[in-house]
Amino acid sequence: KLLSLDEAVKQRALLRVAGKRLTVTNGCFDLLHAGHVYHLRDAAGQGDVLWLLLNSDASVQALKGPTRPVQSEVYRAYVMAALEFVDRIILFQSPRLNVEIRALTPDIYVKAGDYNIKTIDKTEKAALLDVGVDIRFLPFLDGFSSTSLMRKISLANECA
């Protein structure tokens, strides 16, 4: 399921010829939790094919700091590939996915409801608008985040 960007561009062309609508979403997915699964399952229902653009280790560090990611990009990609509703995974190196958006020209871009059109990154938003993507925000499953899960684990270790 893991593709390079060059391979993904070739497969995207085949999807277009087949009349398939490509949905993309992105994220770090550092510690898989119910909120991630909920989002990805709903994202998969938005189009015909769901591709996950997964932040590389360097990208996660740039966004979240030197202690992240907790799990390597290889591990995170392996776990994401096990989900039946994720069709392909593309690792991206920079903190933002402008290049990937412009290269893949997806039909639908999905983010969880903790984002909105005003809070998504301005450069990513510009790339999405440039290629005419249908931008959708799905309901957010409250109470789930990798950061809060790490806090819980840390507290549990302190009490042990």
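1. Lys111 and Tyr115. In this predicted model, the charged end of Lys111 lies over the ring of Tyr115, at 4.3 Å from the ring centre. The criterion is that NZ of Lys or CZ of Arg falls within 6 Å of the ring centre and within 35 degrees of the ring normal. As for rings against rings, the count of aromatic pairs is zero. A pair would require rings of Phe, Tyr or Trp (its six-membered ring) with centres within 6.5 Å, classed as stacked if the planes are under 30 degrees apart, edge-to-face if over 60 and tilted for the rest.

2. Basis of the values. The model is predicted, and local features need pLDDT of at least 70, side-chain atom pairs count only at pLDDT 80 or more, and totals for chains, interfaces and linings use all residues. Residues are numbered from 1 along each chain as its sequence is written, and side-chain values use heavy atoms, with hydrogens and water left out.

3. The sheet. An open sheet is formed by six strands in the order β1-β4-β3-β2-β5-β6, with parallel pairing. Strands here are DSSP runs of E of at least two residues, and helices are runs of H or I of at least four, numbered from the N terminus; two strands pair if DSSP finds at least two bridges between them. The edges are β1 (2–3) and β6 (134–138), each of which pairs on one side only. Between β2 and β3 there are six bridges in the parallel sense, and Leu22 has Val49 in β3 as its bridge partner.

4. The largest nonpolar core. This core contains 19 residues, and those with the most contacts inside it are Ala8, Leu22, Val24, Trp51, Leu53, Tyr109 and Leu128. A core is a set of buried Ala, Val, Leu, Ile, Met, Phe, Trp, Tyr and Cys residues joined through side-chain atoms within 4.5 Å. Buried means under 20% relative accessible area, exposed over 50% and partly exposed in between, with a 1.4 Å probe and protein chains only. At least two core residues come from each of α1 (5–17), β2 (22–27), β3 (49–55), β4 (88–92), α5 (98–104) and α6 (122–130). The largest contribution is that of β3, with three residues. A second, separate core has 17 residues, including Phe29, Ala44, Leu50 and Phe85.

5. Ala8 belongs to helix α1 and is buried, with a relative accessible area of 0%. Leaving aside neighbours within four places in sequence, Ala8 contacts Leu3, Trp51, Ile90 and Leu104, where contact means heavy atoms within 4.5 Å. Ala8 and Trp51 are 43 residues apart along the chain, and their C-alpha atoms are separated by 9.3 Å. Leu22, not counting residues up to four places away in sequence, touches Arg12, Leu15, Val49, Trp51, Leu104, Pro106, Asp107 and Ile108.

6. Asp107 and Arg12. The structure holds nine salt bridges, each defined as a side-chain nitrogen of Lys or Arg within 4 Å of a carboxyl oxygen of Asp or Glu. In one of them, Asp107 pairs with Arg12, the closest N and O atoms being 3.2 Å apart. This pair links distant parts of the chain, with Asp107 in the loop between α5 and β5 (108–112) and Arg12 in helix α1, 95 residues apart. Arg12 is buried at 2% relative accessible area, whereas Asp107 is partly exposed at 29%.

7. Further salt bridges. Glu124 forms a salt bridge with Arg96, with 3.9 Å between the closest N and O atoms. Because Glu124 lies in helix α6 and Arg96 in the loop between β4 and α5, the pair ties together parts that are 28 residues apart in sequence. Glu124 is buried at 5% relative accessibility, while Arg96 is partly exposed at 33%. Salt bridges with shared partners join Arg96, Asp121 and Glu124 into one network. Asp42 also forms a salt bridge with Arg41, the closest N and O atoms being 3.1 Å apart; Arg41 is partly exposed, with a relative accessible area of 44%.

8. Arg68 and Pro69 are joined by a cis peptide bond, with omega about 0 degrees, and Pro69 is placed in the loop between α3 (57–64) and α4 (73–81). Phe29, a residue other than glycine, has a positive phi near 50 degrees. Phe29 lies in the loop between β2 and α2 (34–44) and is buried at 7% relative accessible area. Thr105 likewise is not a glycine and has a positive phi of about 40 degrees. Thr105 lies in the loop between α5 and β5 and is partly exposed at 24%.
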